[in-house]
Amino acid sequence: MFDINYIAVLVAAIAAFIVGMLWYSPVLFGSQWQKLMGFSEEELKKMKEKSMAPSMIIMMLSQLVMAFVLAHIIDVFGAFELTPALEVGFWLWLGFMATKNLGVVLWLGKSWNLYFLNAMYDLVTLLVMAAILGPWQ
């Protein structure tokens with residue numbers, strides 16, 4: 001049996017969602033991301049004109065799934081203190097996210113700078129989630 005704190009899962013998902021909103025906003029790296037993706041101001045304006053609600057709902061659901069799975073992994077490893085939880089988050093990022101996202105450079109021809117921008121977002125997101133889920137289990 002898994003002992004999952006569902007409130008912690010919800011808080012971790014919300015925190016990850018907020019990290020994403022900040023990371024890809026003009027406050028942090030939104031302008032740099034736009035340039036690296038090759039979006040013009042006009043293209044970005046058209047994307048913003050579309051309803052973002054469905055995409056935001058799907059993103060929040062994906063964060064919930066990620067937090068739930070991470071909570072299970074933390075439980076399996078017994079990583080209930082901050083440092084072990086962060087280690088779990090780091091190794092999951094390195095083994096799955098950092099490697100999988102190489103395809104953006106290798107197959108889609110995007111820049112290494114875009115890869116690192118997105119990879120660091122993934123790392124920060126996992127570490128924030130792990131910092132919440134580990135100690136709060």
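## The main nonpolar core

The largest nonpolar core of this predicted model has 29 residues. A nonpolar core here is a set of buried Ala, Val, Leu, Ile, Met, Phe, Trp, Tyr and Cys residues joined through side-chain atoms within 4.5 Å. Buried means under 20% relative accessible area, with exposed over 50% and partly exposed in between (1.4 Å probe, protein chains only). Ala67, Leu70, Ile74, Trp93, Met129 and Leu133 have the most contacts inside this core. At least two of its residues come from each of α1 (6–23), α4 (53–77), α5 (82–100) and α7 (112–136), and α7 gives the most, with eight. Helices are DSSP runs (H or I, at least four residues), numbered from the N terminus.

Which residues does Met129 touch, leaving aside its neighbours within four places in sequence? Met129 is in contact (heavy atoms within 4.5 Å) with Ala12, Ala13, Ala16, Gln63, Met66, Ala67 and Leu70.

## How α4 meets α7

Two packed helices are described by the angle and the distance between their axes. The axes of α4 and α7 come within 10 Å and cross at roughly 55°. Axes are lines fitted to C-alpha atoms, for helices over the stretch in contact, and angles run from 0 to 180 degrees between N-to-C directions. The two helices are therefore oblique to each other; angles under 35 degrees count as roughly parallel, over 145 as roughly antiparallel, 65 to 115 as roughly perpendicular and the rest as oblique.

On the α4 side, the contact includes Met59, Gln63 and Met66; on the α7 side, Tyr121, Thr125 and Leu126 are among the residues met. The residues of this contact divide into 11 nonpolar, three polar and no charged. Here Ala, Val, Leu, Ile, Met, Phe, Trp, Tyr, Cys and Pro count as nonpolar, Asp, Glu, Lys and Arg as charged, and the others, Gly among them, as polar.

## A buried aspartate

Is Asp75 buried or exposed? Asp75 is buried, with a relative accessible area of 16%. Asp75 and Leu123 are 48 residues apart in sequence and 20 Å apart in space, C-alpha to C-alpha.

## Reading the numbers

Residues are numbered from 1 along each chain as its sequence is written, and side-chain values use heavy atoms, leaving out hydrogens and water. As the model is predicted, local features need pLDDT of at least 70 and side-chain atom pairs count only at pLDDT 80 or more, while totals for chains, interfaces and linings use all residues.
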